[in-house]
Amino acid sequence: MDPVVGHVCRGVLALVFLSAVAHKLRAPRDFLATLRGYGLVPDFAAPAAAVLLVGAELAVGAGLLAPATQRAAALGALALLGLYCASIAINLLRGRREIDCGCGGPGARQPLSAWLVLRNGCLALAALAALVPSSGRPLEALDWFTIATAAAVLYVQYLSSNLLLAYRPRTRALA
Amino acid sequence: MTALWISTLLLWVAVAVLAVVVFALVRQIGVLHQRIAPVGALMIGGGPKIGESAPVLELEDLAGAALRIGGESASRRSTLLFFLSPTCPVCESLLPAIRAAQRSERHWLDFVLASDGELSAQRRFVAEHELGGFAYVVSTALGLAYQVGKLPYAVLIDEHGTLRSRGLVNTREHLESLFEAQERGIATIQDWARDRVDLTEGGNA
C-alpha cells in the first residue's frame, strides 16, 4: 500500500491516544471513577489498572511516531482498541448504558452506545492499515503536506463525533 | 503536474477549514443544549414512584441516634435524602451546594446524607469534609429501597411521607430543581417538558 495511507493512520491514532493520555492525567480521579464504573476490575485493583492503561496509551501514542517502534505500537493500539471495544460491549450487554464512556474526557459525559463500538472499529481499521507493509515509494513535499492535513482533519472529526455522541441523550430528550 | 499540486493543496485547505467549521458548529449545539433545556435532576430506574408513600425505614445514623425515614413527620417537615459515597468525586463537589441548601431551606427541610460501605471510610469522610451538622446514615437497605444505581442521587419526601421527587443530581441546578419540584408540584423535569409539549401541540391543533 502507498506509504501515505499508513502515515495518516499512524498520525491520527497517535493524536487520539496522546490526547486520551492528556485528559486522563488532567483529571485522574474522574478517570478512576470511570474505570470503576465499567465494573470489570475489582475495586482494589482499579488504581493499578488505571496506571497501566495510561502507560499503555502513552507507549502506543509515542511509539506510533517513531519508525523503529511503529509496528509494535500499531499492534498495541489494536489490542487496546479491542479491549475498549470488549469493555463497552460487555456493559452494553449488561444493560448498563448510562455509565460514562470516558471517551471524551471529564468534561463530556458520554453514555455507552453501539456507535462507540462502531467508532472503535474504525480506529481499529486504521491500526490494521498501519500494519500493512508500504510500497516504499519515496515521499515528496506534497505527500508530507497530505499526511499532516489529513491526520489533523481526521482527528478534528474524531473530536466532533465525540461531542455529538455526548449530546445524544440531550437531543433525544428534546425530540 | 502543477495543476494537480495546486488543486490538491487548495482542496486540503478547504477540507481543513470545513472540519474546523463542523467542529465549531458541534460545539455550538452543546451551548444551545445548555441554554434551551432547563436542567433538572434526571429520574432513572425503578423503585417507589412519585406520589406514592415512601418506604418507612428505621435506621441509625453514624452517631448512633435513631432515625426514621419515611412516614408521617411528627415535626411536619420534609426530608431530603442525599445519597453519596466517599469515593465519588461529583458527590464531593456538591457538598458546598448541600450546605448552602441546608441553610436556605432549613425552615421546611431536613437533610439526611446516606451512604453505603465501610464505616471507617465514612467516618473519615465526615471528619474530612466537616459533615457533623448532617444526619449521616450508612445503610445498604436505604439505597436498595430507592433503587439508587448512580451517585449522587437525591430523594425528596414531604411531611406526609409521600415521595415528591427524586433523581440523579450532578450539579447545584439539579439539586435546586428538586426544591422547585416540591414548590410547583411537578415531579421531574421530564414531566415538565412533556406537559409543555402537550400544551404547544394542543395550541397548534
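Predicted model: local features only at pLDDT ≥ 70, side-chain atom pairs only at ≥ 80, totals over all residues.
Chain A has 6 helices and 0 strands. Along the sequence its pattern reads α-α-α-α-α-α. Of its 175 residues, 30% are buried. Contacts in chain A with a separation of 6 or more are 71% between residues 24 or more positions apart. The helix pairs below show where some of the packing lies.

Start with H1(A) and helix H3 (residues 46-63) of chain A. Their axes are 8 Å apart, and the packing angle is about 145°. The crossing of H1(A) and H3(A) is left-handed. On the H1(A) side stand Ala14(A), Phe17(A), Leu18(A), Ala20(A), Val21(A), Lys24(A) and Leu25(A). They meet Val54(A), Glu57(A), Leu58(A), Val60(A) and Gly61(A) of H3(A). By class, the contact of H1(A) with H3(A) has 9 nonpolar, 1 polar and 2 charged residues.

H3(A) also packs on H4(A). The angle here is about 140°, with the axes 8 Å apart. H3(A) is therefore oblique to H4(A). This crossing of H3(A) and H4(A) is left-handed. Ala56(A), Glu57(A), Ala59(A), Val60(A) and Gly63(A) form the H3(A) side of the contact. Facing them in H4(A) are Gln70(A), Ala72(A), Ala73(A), Gly76(A), Ala77(A) and Leu80(A). The contact of H3(A) with H4(A) divides into 7 nonpolar, 3 polar and 1 charged residues. Two of the H3(A) residues named here, Glu57(A) and Val60(A), also belong to the contact of H3(A) with H1(A).

Next comes the pair of helix H4 (residues 70-93) and helix H5 (residues 114-131) of chain A. Their axes come within 9 Å and cross at roughly 165°. H4(A) is therefore roughly antiparallel to H5(A). The crossing of H4(A) and H5(A) is left-handed. From H4(A), the contact takes Arg71(A), Ala74(A), Ala77(A), Leu78(A), Leu81(A), Gly82(A), Tyr84(A), Cys85(A), Ile88(A), Ala89(A) and Leu92(A). From H5(A), it takes Ala114(A), Leu116(A), Val117(A), Asn120(A), Leu123(A), Ala124(A), Ala127(A), Leu128(A), Ala130(A) and Leu131(A). By class, the contact of H4(A) with H5(A) has 18 nonpolar, 2 polar and 1 charged residues.

The largest nonpolar core has 36 residues. Leu13(A), Ala77(A) and Ala127(A) have the most contacts inside it. At least two residues of this core come from each of helix H1 (3-26), helix H2 (28-38), H4, H5 and helix H6 (141-174) of chain A. Which residues does Ala77(A) contact, leaving aside its neighbours within four places in sequence? They are Leu13(A), Phe17(A), Val60(A), Leu64(A) and Ala127(A). Another core lies apart from the largest one, with 35 residues. Among its residues are Ala101(B), Tyr153(B), Ala154(B) and Leu178(B).

Now turn to chain B. Its secondary structure comes to 6 helices and 7 strands. From the N terminus on, the elements of chain B run α-β-β-β-α-β-α-β-α-β-β-α-α. Of the 205 residues of chain B, 26% count as buried. Contacts in chain B with a separation of 6 or more are 67% between residues 24 or more positions apart.

One loop position is worth a look. Thr87(B) sits between strand S3 (78-83) and helix H2 (89-104) of chain B. Thr87(B) and Phe125(B) are 38 residues apart in sequence. In space, their C-alpha atoms are 9.3 Å apart.

Last is the contact between the chains. Chain B gives 20 residues and chain A gives 20 residues. On the side of chain B that touches chain A, helix H1 (residues 2-36) of chain B gives the most, with 15 residues. By class, that side of chain B has 15 nonpolar, 3 polar and 2 charged residues.

Note on methods:
Residues numbered from 1 in each chain as written. Chains lettered and ligands numbered in written order. Contact = placed C-beta atoms within 7 Å. Helix = DSSP H or I, 4+ residues; strand = E, 2+ residues; numbered from the N terminus. Nonpolar A, V, L, I, M, F, W, Y, C, P; charged D, E, K, R; others polar. Buried ≥ 20, exposed ≤ 12 C-beta atoms within 10 Å, placed from the backbone. Axes fitted to C-alpha atoms, helices over the stretch in contact; angles between N-to-C directions. Parallel < 35°, antiparallel > 145°, perpendicular 65-115°, else oblique. Left-handed = near helix turned anticlockwise from the far one by under 90°. Core = buried A, V, L, I, M, F, W, Y, C linked by C-beta atoms within 7 Å.
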